[in-house]
Amino acid sequence: MIKIHLSRMLGEKRITQAELSRQTGIRPSTISDIYNEMSERLNVEHLDRICEYLDCSISDLI
């Protein structure tokens, strides 16, 4: 099973889903789906934007 660590990373950096959405330009509902691990598909561009904003690698996120 693939585990997405977005919730842990946002908690550690004290960043809200809304702030991540504003800073990355990704829709709040998409951020919420990724955060709650409800996404059936992940957009590579979205993952890239999230990793760039959080200053992490894809392996840190997934």
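Buried means under 20% relative accessible area, exposed over 50% and partly exposed in between, for a 1.4 Å probe and protein chains only. The model shown is predicted, so local features need pLDDT of at least 70 and side-chain atom pairs pLDDT 80 or more, while totals for chains, interfaces and linings use all residues. Residues are numbered from 1 along each chain as its sequence is written, and side-chain values use heavy atoms, leaving out hydrogens and water.

**View 1. Two cysteines, C51 and C56, without a disulfide.** Take a look at C51, which is buried at a relative accessible area of 8%. C56 is buried too, with a value of 16%. Their sulfurs lie 3.8 Å apart, too far for a bond, because a disulfide is a pair of cysteine sulfur atoms within 2.5 Å. The count of disulfides by this rule is 0.

**View 2. Helix 2 packing on helix 4.** Helices here are DSSP runs (H or I, at least four residues), numbered from the N terminus. Helix 2 (residues 17-24) meets helix 4 (residues 44-54) at about 105 degrees, with axes 10 Å apart. That makes the pair roughly perpendicular (65 to 115 degrees). In contact (heavy atoms within 4.5 Å) are E19, L20, Q23 and T24 of helix 2 with R49, I50 and Y53 of helix 4.

**View 3. I50 and the largest nonpolar core.** Such a core joins buried Ala, Val, Leu, Ile, Met, Phe, Trp, Tyr and Cys residues through side-chain atoms within 4.5 Å. Of its 15 residues, L6, L10, L20, I50, L54 and L61 touch the most other members. Helix 4 gives the largest share, 4 residues. Beyond four places in sequence, I50 contacts L6, L20, T24, I26, I31, I34 and L61.

Technical notes:
Axes are lines fitted to C-alpha atoms, for helices over the stretch in contact, and angles run from 0 to 180 degrees between N-to-C directions. Helices (H or I, at least four residues) and strands (E, at least two) are DSSP runs, numbered from the N terminus. Angles under 35 degrees count as roughly parallel, over 145 as roughly antiparallel, 65 to 115 as roughly perpendicular and the rest as oblique.
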